[in-house]
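Please look over the model below before reading on.

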Number of protein chains: 2
Amino acid sequence: MTGTRGRPRSEDARRAILRTALELCERDGYQDLTIKAIADGAGVGRQTVYRWWPDKASILIEALIGLGDEHAELRVPDETADVLGALERLLTATFELARKVTGQALVGLMADAQRDSNLSDRLQEAVIGPRRAALRALLQRGVDAGTLTEAVPLDLVVDFAFGAMWYRLLGHHAPVNAALAKNVTTGIATMLAPNTPGRARREIQI
Amino acid sequence: MTGTRGRPRSEDARRAILRTALELCERDGYQDLTIKAIADGAGVGRQTVYRWWPDKASILIEALIGLGDEHAELRVPDETADVLGALERLLTATFELARKVTGQALVGLMADAQRDSNLSDRLQEAVIGPRRAALRALLQRGVDAGTLTEAVPLDLVVDFAFGAMWYRLLGHHAPVNAALAKNVTTGIATMLAPNTPGRARREIQI
């Protein structure tokens, strides 16, 4: 306010806490993550952490929300020319983040949410719901442009894409990575391809 | 051994414990399920329960395995004539059981498995793996018979079907029921439909 530039010191501390929480969670797992370790890693006191957040779940949820702002590829692009390309980029970015940055936070929060309905609601409202809405909006754009058809409800297509991710994150039976994003995109493209019998009729008329 | 008929008494007790554990878990939730409540509900002493199982997770896993034997519709049928019909019946039975009988046990075990790698391995080996294998075998039968094509890897199709179920069970954003089974079947049928461009070419040749 008196000519100083840059972010205020408390904003730096907040960002350091959020970044550190995700890093330590990914390295050590959700169960072993403590407020003390987050504070130490971020170079602040525990009271500084508790001034802003009541528990680690709240820190991680805010960190996950923040990633959506930091990573442009998690947002639905404005252009509609290449919906399937945009879909693969969105899923690739989401799955690669889950593999390297957010995976332990996601499964830890989801596990705790099973015995904490308040946390379940917050996770749904802040993380799961917005990601679902973004993917659905992208698919709807393809339907509106005529490059996709709604052969099955779009909400179910969203369940296929993110369900496969969650199922693998929780069950550990197969990796969540760029190859999954590519295959999920192929599956959705095949499922929602404009009606081929219709194309056949047009070809016959020609 | 001396002319008595029927199951031995201990087998009755085992079955009562398994059935009671699933019922109480579904009614009260996994977290609140206790060995004492299971023993009381099954009409046995706690020591009888502990003689066979070390903890509630082990009881529930055995109960889930048992359901696969009790419910014929969870098994892959021998006939290959109507693979998509068999798929919808398999998914309908699985999802209806998850909605009414097994849902709380599944999410509770999955949540605990996130901080217990031994439980995670047992859940994968005893419950998730066999269900995946059954669904994959059914899809493979359709591919072998030529009524389905492998447009995307069958393992991913399994992830779509069961992933949608787990995602909804854990996230609570939409129900797991017969309507989901119907829509998942439609989605898979569309995704794995024999190549329509090929059909179009044949039509044009006619």
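1. **Conventions.** This is a predicted model, in which local features need pLDDT of at least 70, side-chain atom pairs count only at pLDDT 80 or more, and totals for chains, interfaces and linings use all residues. Residues are numbered from 1 along each chain as its sequence is written, while chains are lettered from A and ligands numbered from 1 in the order in which they are written.

2. **Make-up of chain A.** Chain A has 9 helices and 0 strands. Helices (H or I, at least four residues) and strands (E, at least two) are DSSP runs, numbered from the N terminus. Read from the N terminus, the order is α-α-α-α-α-α-α-α-α.

3. Chain A has 206 residues, and 39% of them count as buried. Buried takes 20 or more other C-beta atoms within 10 Å of the residue's own; exposed takes 12 or fewer; partly exposed is in between, with C-beta atoms placed from the backbone. Two residues are in contact if their C-beta atoms, placed from the backbone, lie within 7 Å. Among contacts in chain A between residues at least 6 apart in sequence, 66% link residues at least 24 apart.

4. **Domains.** Chain A is assigned domain 1 (7-56) and domain 2 (71-197). Such bounds come from an automatic or database domain assignment. The C-alpha centres of the two domains of chain A are 28 Å apart. In chain A, 6 residues of domain 1 touch 7 residues of domain 2. The domain 1 side has 3 nonpolar, 2 polar and 1 charged residues. Here Ala, Val, Leu, Ile, Met, Phe, Trp, Tyr, Cys and Pro count as nonpolar, Asp, Glu, Lys and Arg as charged, and the others, Gly among them, as polar.

5. **Helix H7 of chain A.** H7(A) covers residues 154-171. Of the 18 residues of H7(A), 17 are buried, so the helix is largely enclosed by the rest of the structure.

6. **His172.** What follows H7(A)? A:His172 does, with a positive phi near 60°. A:His172 is not a glycine. A:His172 sits in the loop between H7 and helix H8 (178-191) of chain A. A:His172 counts as partly exposed because it has 18 C-beta neighbours inside 10 Å. In chain B, B:His172 has a positive phi of about 60°.

Technical notes. Expected span 1.5 Å × (residues − 1).
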